[in-house]
Amino acid sequence: MASVSFSNLQKSFGKTKVLHGVSLEIADGEFMVLVGPSGCGKSTLLRMLAGLEDISGGAIGIDGRVVNDVESKDRDIAMVFQSYALYPHMTVRENMGFSLRLRNDPPKRIEDRVAHAARILNLEPYLGRYPRELSGGQRQRVAMGRAIVRDPKVFLFDEPLSNLDAKLRVAMRAEIKALHQRLKTTTVYVTHDQVEAMTMADRIAVMNDGRVEQLGAPLELYDRPANLFVAQFIGSPAMNVFDGVFKNSGVEALGEEWPIGASGGPQNQPVKYGIRPEHIDVGEGPIEAEVIVVEPMGAETEMVLQVGGQRLTVVTHGRAAFGPGDKIRISPQKENVHLFDAESGMRI
Amino acid sequence: MNRKLLREARLWLVGIPIALWTLIPIYHIFLFSISSKDSAFSGALWPEHPTLRNFGTVFRQEHFYLHHFWNQMWNSLWIAVMVGVLTLAIATCAAFAISRLKVPGGRTVMNAALFTYFIPAAFLAVPMYKAMGSYGLLNSRWSLVLAMVTLAAPYAIWVLKQASDKLPWELDEAARIDGASAPQLFRLVYLPLMTPSLVAIGTYALLLAWNEYLYAFLLLSHEETIPLAVGLGHFLASDDSPWEILMATALIYGLPPAAIYYAFRRYMVGGLTSGAVKS
Amino acid sequence: MSAIALPGVGEPPKKSLTSWQVWGVVLIAPYLLVFVAFVLYPVTYGLWLARHPQSYVTLFDDPIFFNTVVNTIVFLLVAVNLKFVMALFLSGFFVHERAWIRWLSVIFIIPWAVPAIPTIFSIRFMLNPEWGLVNSLIFRFFHVDGPNWLNDPSLALGMAMLVHIWKALPFWTLILMAGRLAIPREQYEAASVDGASAWQKFKFVTWPSIRTLYLTSTLLSLIWTLGDFNSVYLLTGGGPADKTHVLATLGIRYIRLDQVDQAMATIVVALPFVLPLVYFMMKRLSGDEQKTSA
């Protein structure tokens with residue numbers, strides 16, 4: 001177990017700069033998730049930590065030691081790949097014991113460690129099988145088993161659940177989280193799925209275009225997004241955001257008056273108004289909206305409404321009594337309103 | 001029903017001539033080798049008294065041209081195996097370096113190899129002959145071995161590289177993180193996964209060397225070192241050599257490649273055509 | 001605030017030679033050695049031997065040379081094209097799924113797999129005018145004497161071409177078969193539904209897909225046929241009276257006569273034809289490389 005440190009990390013592929021000075025501290029035993037859209041640099045960051053990519057600038061530290069020039073095998077890390085990367089010609093047992101075999105560990109020790117990991121992951125019945133005989137979820141567990149056997153300082157996960165179907169993904173999420181609670185190894189987890197990030201992380205680093213947009217605990221990112229990007233990336237369905245101006249004690253937008261929680265700003269100053277779909281109450285309220293689409297999900301109902309030419313998404317508990325074309329009244333919960341500077345996108 | 005019969009008949013109409021065209025020269029070898037001298041020259045389709053005496057003559061080295069038969073057989077075998085092994089070793093290492101280790105200049109080496117592959121071997125023969133003379137290797141079996149390795153390696157590297165490129169890159173990354181050094185990656189991950197291609201290439205190189213005539217007779221002329229192919233060529237020196245004995249010897253010479261090809265045919269067809277020409 | 005000392009923010013780390021790069025060089029060295037010693041040196045030496053203009057004068061003066069060039073051109077044009085037309089046809093035959101056809105395809109490869117000496121000698125003896133199988137059969141069925149196959153230069157060259165085709169056909173048939181098998185079945189089924197005849201299916205489905213492979217293979221075969229020594233040498237020895245030589249065998253003839261310079265000159269003369277083809281083939285294969293590795 002160890003801390004991980006990124007100091008002003010930079011990376012360029014030829015002339016293209018993909019990481020613009022990322023600094024991040026991961027505490028010992030923490031489950032850190034790097035999340036962001038494709039191309040934001042999260043996988044590159046992970047691979048640099050693994051030693052699979054060169055560093056163009058800055059430093060990476062594991063347990064207080066700079067590892068820029070240290071080879072992968074000497075960094076005491078283990079990685080779970082998106083495509084599992086299991087050795088097809090070796091059995092599950094051999095796959096899991098491979099790293100120890102490379103170090104010439106005594107067979108008894110290899111046997112014990114493999115058995116231990118297999119027990120934790122319920123892989124005991126599969127030890128003699130080959131990867132081609134296993135399902136996707138089982139292969140993923142073998143890949144994790146291979147990482148556990150190494151007993152590394154840091155676990156690295158590179159979008160491990162992307163190749164699994166939805167149901168399996170949910171189950172594996174819980175397993176990985178449980179594993180972390182049991183082993184308490186520092187974990188760096190990369191995903192593009194913000195649901196995975198929210199459910200698994202101790203802290204999340206939201207990345208975009210080679211920079212960290214915000215770093216914090218999941219609920220922190222949810223409750224107080226630092227800028228527009230984070231606000232619209234975290235939370236599903238995404239936050240409703242539209243343009244308006246400060247008027248009286250609220251915001252005038254889309255032809256209506258929208259309440260805000262805190263004090264306002266200079267009159268007539270443009271501002272961006274953000275409210276999450278789950279924070280809009282329907283039935284009564286100051287704002288009129290027209291129902292466009294109703295999507296009943298069973299326990300919740302998702303609706304697309306139109307206000308002043310803009311489409312808004314609303315999520316309510318239970319069933320909705322409305323249909324397309326109905327005119328209804330809605331009320332945003334003013335304590336859950338987010339305001340962002342119209343130009344910079346930063347939180348006000 | 002009639003359409004089906006017609007279609008089958010058309011296929012047979014093609015199949016039978018192909019079978020005849022392919023097999024007649026082969027059959028003819030067999031025919032001669034079991035015929036006595038008179039019967040062979042009578043133009044019969046099947047000898048009156050088929051005999052195995054010719055093979056006996058060969059095995060007992062009882063004819064002037066056969067005095068060194070077993071020696072020549074041994075030379076052929078030794079050369080073929082050495083070429084197979086050396087080509088496999090050199091090509092496997094080179095393909096690994098180019099494909100997995102991404103050695104700088106890999107593409108240039110690959111191009112150099114392709115050049116050697118495309119140039120007709122007959123054109124390289126004369127310069128090779130002179131070069132071997134410079135190296136003082138003429139009449140040593142090593143000259144033929146090295147020449148054949150030079151000819152077989154390019155295609156081998158090409159095929160192995162193609163096969164190797166299909167292996168997922170993450171396997172190497174996982175192995176590196178697991179702590180593998182380059183030799184460990186080569187031995188424990190790469191070689192086991194490449195086995196079918198290795199078999200195809202080893203067989204290809206071996207057969208190439210066993211079947212070779214031109215380079216053999218250019219580079220080796222001493223009675224002790226010539227392979228069986230050259231020995232067979234000697235029969236043509238005079239006009240009334242015992243052709244039936246020649247055919248018996250030729251049959252023996254031709255059997256190993258036929259047998260090996262038959263045994264490995266699945267590897268050969270797949271392995272060789274995939275790399276040969278890309279459309 | 002970071003808890004570790006920074007080596008120098010913004011500087012790329014020093015690039016020392018990693019052990020992996022060293023291994024790369026070590027593993028490719030054996031082939032490089034082979035290439036330098038047995039390709040680069042011989043080729044350079046050979047070209048140096050071919051430097052005397054006198055060799056070429058002597059070569060062009062030799063009546064055999066002109067005849068050889070004609071033979072070679074005829075051989076290339078006729079044998080290669082005939083071979084490929086047959087390969088194209090047979091590749092269509094061998095893709096039919098029957099057990100006996102699969103067995104036949106195994107047998108069909110034999111000419112290519114077995115060594116040249118037994119088989120070409122066999123054909124040579126079959127063609128012997130007095131006691132060979134061919135003339136014996138001709139006499140038995142038609143009561144006439146068959147021709148002296150290998151003593152008439154044109155007939156002999158024709159026979160050499162036939163021998164070449166016999167030996168090389170299986171390989172190219174296999175290649176074209178692979179090309180045919182790569183065409184998705186649905187295209188033929190769609191054509192059937194559209195009412196296409198067998199010929200139309202070939203013209204509109206098979207040929208467009210296989211055309212590039214056919215042409216590339218033909219080019220490669222041209223290069224290799226140019227170097228086919230065995231077919232002529234083992235069948236006719238270049239005779240009668242050196243009338244059936246091709247460039248490949250002519251070079252060796254000069255070597256046997258200890259005229260090394262001439263031998264090299266013969267080869268150099270063929271290079272302007274061979275090298276562009278080789279260059280073209282290399283570009284094709286390298287080009288595909290780029291596409292698949294990108």
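**Hairpins, sheets and interfaces**

User: Which residue in the turn of the β16(A) and β17(A) hairpin has a positive phi?
Analyst: Two residues sit between β16(A) and β17(A) in this hairpin. Strands here are DSSP E runs of at least two residues and helices are H or I runs of at least four, numbered from the N terminus. The positive phi, about 50°, belongs to G308(A).

User: Before we go on, what pLDDT do local features need in this predicted model?
Analyst: On bookkeeping, residues are numbered from 1 along each chain as its sequence is written, chains are lettered from A and ligands numbered from 1 in the order in which they are written, and side-chain values use heavy atoms, with hydrogens and water left out. This is a predicted model: totals for chains, interfaces and linings use all residues, side-chain atom pairs count only at pLDDT 80 or more, and local features need pLDDT of at least 70.

User: Over how many bridges do β16(A) and strand β17 of chain A pair?
Analyst: Two strands pair if DSSP finds at least two bridges between them. β17 covers residues 310–317, and its antiparallel pairing with β16(A) has a bridge count of eight.

User: And which residue takes a positive phi in the hairpin of β15(A) and β16(A)?
Analyst: Strands β15 (residues 280–296) and β16 (residues 300–307) of chain A run antiparallel and are joined by six bridges. V291(A) has L305(A) in β16(A) as its bridge partner. Three residues lie between the strands, and the one with phi near 105° is G298(A).

User: What are the edge strands of the open six-stranded sheet in chain A?
Analyst: The order is β6-β7-β8-β3-β9-β10 (chain A), and the pairing is mixed. Two strands each pair on one side only: β6 (77–80) and β10 (211–216) of chain A.

User: In what sense do β3 and β8 of chain A pair?
Analyst: β3 covers residues 31–35 and β8 residues 186–191 of chain A. F31(A) has T187(A) in β8(A) as its bridge partner. Five bridges join the two strands, and the sense is parallel.

User: At what angle does helix α4 of chain A run to β6(A)?
Analyst: Helix α4 (residues 136–149) lies across β6 and β7 (154–158) of chain A. Axes are lines fitted to C-alpha atoms, for helices over the stretch in contact (heavy atoms within 4.5 Å). Angles run from 0 to 180 degrees between N-to-C directions. For α4 and β6(A) the value is about 175°.

User: Which residue in β19(A) stands opposite K272(A)?
Analyst: Strand β14 (residues 270–275) of chain A is joined to β19(A) by four bridges, running antiparallel. Opposite K272(A) stands F340(A).

User: How many helices does chain B have?
Analyst: The C-alpha trace of chain B spans about 75 × 70 × 30 Å along its principal axes. Chain B has zero strands, and its helix count is 13.

User: What area is buried between chain C and chain B?
Analyst: The contact takes 96 residues from each of chain C and chain B. On the side of chain C, W20(C), Y31(C) and F38(C) supply 10% of the area it buries against chain B, more than any other three residues. Buried area is the accessible area (1.4 Å probe) that two parts lose on being put together, summed over both. Carbon and sulfur atoms give 81% of the total, which is about 8,800 Å².

User: Which residue of chain B forms a salt bridge with R98(C)?
Analyst: A salt bridge is a side-chain nitrogen of Lys or Arg within 4 Å of a carboxyl oxygen of Asp or Glu. The count between chain C and chain B is one. The closest N and O atoms are 2.5 Å apart, and the partner of R98(C) is E8(B).

User: Why does the pair of E173(B) and R47(A) join two chains?
Analyst: Over all chains the structure holds 17 salt bridges. One of them links the side chains of E173(B) and R47(A), at 2.6 Å from N to O. The pair joins two chains because R47(A) lies in helix α1 (residues 42–50) of chain A and E173(B) in helix α8 (residues 169–178) of chain B.
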